[in-house]
Amino acid sequence: FPYDENIEYLRTQLEEERSRNEKLRKLIHNARVDQKSFGEKYKEKENILKQSLAMTENALNAEINQMKAELNDYQAHIDTGNRLKKTATANELSEASISVKDGKSKNNPKREMKNKPRANKKRKKSVKK
């Protein structure tokens, strides 16, 4: 009897261990499947985010380039405006008047009188000794 009971006990233990082993195998298999599935989903989401970031970056770069072009246009417009301010327009030239201030012209009568010798002015003669 004791031998038969012992063998029967060992057989039930062995069956229980086999059952636990099978459950562990299933758990491990399920864990690996879940891990693989998670890794694939993670890579997929990562690729989607990379594409989204690339699209956003391209859109922002295009917007920056457009703004740079607009800035160049505005700067050219301002430069042209400044150059035009420096030059007189035809209308301004037709409306302009020229005036001469006293003492500034070569044709000033006062200056002419100052430089001409006068007839009634006595000159001192230098005496040689």
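The structure is a predicted model, in which local features need pLDDT of at least 70 and side-chain atom pairs count only at pLDDT 80 or more, while totals for chains, interfaces and linings use all residues. Residues are numbered from 1 along each chain as its sequence is written, and side-chain values use heavy atoms, with hydrogens and water left out.

**Overall layout**

Let us start with the big picture. The chain has three helices and zero strands, giving the pattern α-α-α when read along the sequence. Helices (H or I, at least four residues) and strands (E, at least two) are DSSP runs, numbered from the N terminus. Helix α1 covers residues 2–86, and helix α3 covers residues 109–115.

How confident is the predictor? Its confidence in each residue is called pLDDT and runs from 0 to 100. The chain averages a pLDDT of 82, and 65% of the residues score at least 70. Among the elements of the chain, α1 has the highest mean pLDDT (93) and α3 the lowest (60). Where pLDDT is low, the predicted coordinates should not be read in detail.

**The surface**

Of the 129 residues in the chain, 2% are buried. Buried means under 20% relative accessible area, exposed means over 50%, and partly exposed lies in between (1.4 Å probe, protein chains only). The chain exposes about 13,800 Å², with carbon and sulfur atoms supplying 55% of that area. Accessible areas come from the Shrake-Rupley method with a 1.4 Å probe; for residues, only the protein chains shown count as cover.

Which residues make a nonpolar surface patch of about 300 Å²? They are Leu24, Leu27 and Ile28. Patches are made of residues with over 30% relative accessible area and no salt bridge; like charges are joined within 9 Å, and nonpolar side chains (Val, Leu, Ile, Met, Phe, Trp, Tyr) within 5 Å. Ile28 lies in helix α1 and is partly exposed, with a relative accessible area of 44%.

**Salt bridges**

Side chains of opposite charge can pair when their charged atoms come close. A salt bridge here is a side-chain nitrogen of Lys or Arg within 4 Å of a carboxyl oxygen of Asp or Glu. By this rule the count comes to three.

| Salt bridge | N to O distance |
|---|---|
| Glu15 and Arg18 | 3.5 Å |
| Glu16 and Arg20 | 3.8 Å |
| Glu17 and Arg20 | 2.8 Å |

Glu15 and Arg18 are separated by about one helical turn because they are three residues apart in helix α1. Glu16 and Arg20, four residues apart, are also separated by about one helical turn. Glu17 and Arg20 are three residues apart, so about one helical turn separates them. Salt bridges that share partners join Glu16, Glu17 and Arg20 into one network.

Notes
pLDDT is the predictor's confidence in each residue, from 0 to 100.
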